[in-house]
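Please look over the sequence and the model before reading on.

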Amino acid sequence: MTQTPSRHFDLIVIGTGSGNSLIDESFADKSVAICEKGSFGGTCLNVGCIPTKMFVYAADTAVSVAHSSTYGIDSTLDGVRWPDIVSRVFDRRIDPIASSGEDYRRTRCDNVTVYDGHATFVGPRTIDTGTGEIITADSVVIAAGARPSIPGIVVDAGVDFYTSDDVMRIPELPVSMVIQGSGFIACEFAHVFSALGVEVTVIGRSDVLLKHVDRELAERFTDQARRRWDVRLGQQITTMTATGEDRRGVEITFEDGSTCSGDALLVATGRTPNGDLLGLDTAGVAMDGELVRVDEYGRTTADGVWALGDVSSPYQLKHVANHEQRVVGHNLRHPDDLHPVNHRLVPYAVFTWPQIASVGLTEAEAREAGYDVTVKVQDYGDVAYGWAMEDSVGCCKLIADRTTGLLVGAHIMGAHSPSLIQILIQAMEFEITVPELARRQYWIHPAMAEVVENALLGLDFPDRGF
């Protein structure tokens, strides 16, 4: 027997990541329900962007100490107080923010009702809140995020593994760790744990780490990674066995007969959108593969139901989810003036070592797309600030179209690359030509941004106008 809905709202939001940010003062005259089974703040605040970067900063500090002799400074890393690192991140920052965010919605937003269960659709715009109450709404926004993907071989092995959702809260550092995965999450955590003294082995099926990055940078990065981690690539796992009384350890055999082992296993093989957990078929919400299907305005296939963020977007990035949230928020308020989502130029960064940032097409993609390509790779070590850092790793790779003089891709590997690339994101978004960008502004000398300036000047145009 189907339970009768107990309450109707103007809006229901499933998820409290970017979905929570959608409920601003413009919805003050609307009755709103929020459904969240976990901690307020979503992936970014609790288990993603923010805490990981706080760990990365600690790791970067440890690396700086280890490399200080390069600059004539003798120093030693006397120890790593892992419990203090964890406490700084979660006790002093993340957990209080998540808690206060929930408290704000519960006690200071009279128009908002919070349901702390797992929400599922049981009919068109009808939600079982998981708390024993069923509710309905004029509009529903699905912002339910994603969860770690776990390969079947790991499940079958019975290893008591970690994921990005819990590895930052482990009680103590293991002596050794195997990280399964070769993408963004794997490479960031490999940096963190290796810098803090853990023996790290990274395993992946591709022939390079960060295979989605421009190939030249991926190869450069993989070469550097091999100097810091035990990197095993291009081999299928044939057996995986749990070890130790607590089954936290792991031993892995590859198809070529080689093996690796560790006291802990971190599974970092990507994240699965949570759309399959929401009973979408009962609401007429279709999916495209793992993603909730949305149109250019954020509408699903069901009337009055919208979606944003990792559950529907091909880009599992917080800045993309925030953009989609702003668009959907506008469209909910202005149904006669719909704004489209802009995914034309989506940048990303990987906070590993060295850092990597990218926007636009890779060189291979640009050539395949038929552009008349000109490419320049400028090393950090060729500019003055790069000399100061004794940098032999970093580089800026730019890809431009000779016909238009416009950049079509930008890729930077090295210190501060996530900040440096913002210059190029802006130029590409506003279609500033390479000659204009290079010469119609001052570039501070000897700032690190000169690596970008010199890369621009190195692009080959028939008539550069420089």
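Two strands are said to pair if DSSP finds at least two bridges between them. The model is a predicted one.

## A three-stranded sheet

S11, S12 and S13 make up an open sheet in the order S11-S12-S13, with antiparallel pairing. At its edges stand strand S11 (237-243) and strand S13 (259-262); each has a single partner strand, so one side of each lacks a neighbour in the sheet. From one strand to the next, the twist averages 15°.

Strand S12 (residues 249-254) is joined to S11 by six bridges in the antiparallel sense, and to S13 by four bridges, also in the antiparallel sense. Thr 241 has Glu 251 of S12 as its bridge partner. Glu 251 also stands opposite Ser 261 in S13. The covered face of S13 holds Cys 260 and Gly 262, while Thr 259 and Ser 261 are on the uncovered face.

## The turn between S12 and S13

A hairpin is formed by S12 and S13, with four residues between them. Gly 257, in the turn, has a positive phi of about 95°. Glu 255 lies in the loop between S12 and S13.

Is Glu 255 buried or exposed, or partly exposed? Its relative accessible area is 48%, so Glu 255 counts as partly exposed. Apart from neighbours within four places in sequence, Glu 255 is in contact with Gly 234, Gln 235, Gln 236 and Thr 238. Gly 234 is 21 residues from Glu 255 in sequence, and the C-alpha to C-alpha separation of the two is 9.8 Å.

Another open sheet has five strands, in the order S19-S20-S23-S22-S21, and its pairing is antiparallel. Strand S19 (348-350) and strand S21 (373-379) are the edge strands, each pairing on one side only. Here the twist averages 10° from one strand to the next.

S19 and strand S20 (residues 356-360) run antiparallel and are joined by three bridges. Helix H7 (residues 215-226) lies across S20, S21, strand S22 (395-401) and strand S23 (407-413), and runs at about 5° to S23.

## Strand S8

All five residues of strand S8 (residues 176-180) are buried, so the strand is largely enclosed by the rest of the structure. Ser 176, Val 178 and Gln 180 point one way from S8, and Met 177 and Ile 179 point the other way.

S8 runs parallel to strand S9 (residues 199-204), and five bridges join the two. Ser 176 stands opposite Glu 199 in S9.

## Backbone exceptions

Most residues other than glycine have a negative phi, and most peptide bonds are trans. Arg 125 is not a glycine, yet its phi is positive at about 50°. Arg 125 is in the loop between strand S4 (120-123) and strand S5 (126-128), and with 25% relative accessibility it counts as partly exposed. Leu 210, also a residue other than glycine, has a positive phi near 50°. The place of Leu 210 is the loop between S9 and H7, where it counts as buried at 1% relative accessibility.

Two peptide bonds are cis. One joins Trp 353 and Pro 354, with omega about -5°, and Pro 354 is in the loop between S19 and S20. The other runs from His 445 to Pro 446, with omega near 0°; Pro 446 is in the loop between helix H12 (434-439) and helix H13 (450-457).

## Ser 139 in strand S6

Ser 139 belongs to strand S6 (residues 134-142) and is buried, with a relative accessible area of 17%. Beyond its neighbours within four places in sequence, the contacts of Ser 139 include Asp 10, Leu 11, Ile 12, Arg 125, Gly 304 and Leu 332.

## The second largest pocket

The second largest pocket has a volume of about 1100 Å³. Its lining consists of 35 residues, and those closest to its centre are Val 63, Ser 64, His 67, Trp 353 and Ala 415. Helix H3 (49-66), helix H6 (184-195), helix H10 (384-389) and helix H11 (417-429) are the elements that give two or more residues to this lining.

Which element gives the most to the lining of the second largest pocket? H3 does, with nine residues. By class, the lining has 16 nonpolar, 13 polar and six charged residues.

How values were computed
Residues are numbered from 1 along each chain as its sequence is written. This is a predicted model: local features need pLDDT of at least 70, side-chain atom pairs count only at pLDDT 80 or more; totals for chains, interfaces and linings use all residues. Side-chain values use heavy atoms; hydrogens and water are left out. On a 1 Å grid over the protein atoms alone, a cavity is a set of points where a 1.4 Å probe fits but cannot get out, and a pocket is an open set with protein on both sides within 12 Å along at least five of seven lines; lining residues have an atom within 4 Å of a point. Grid points are joined across faces, edges and corners, and a volume is the space filled by probe spheres set on the points. Ala, Val, Leu, Ile, Met, Phe, Trp, Tyr, Cys and Pro count as nonpolar, Asp, Glu, Lys and Arg as charged, and the others, Gly among them, as polar. Axes are lines fitted to C-alpha atoms, for helices over the stretch in contact, and angles run from 0 to 180 degrees between N-to-C directions. Buried means under 20% relative accessible area, exposed over 50%, partly exposed in between (1.4 Å probe, protein chains only). Contact means heavy atoms within 4.5 Å.
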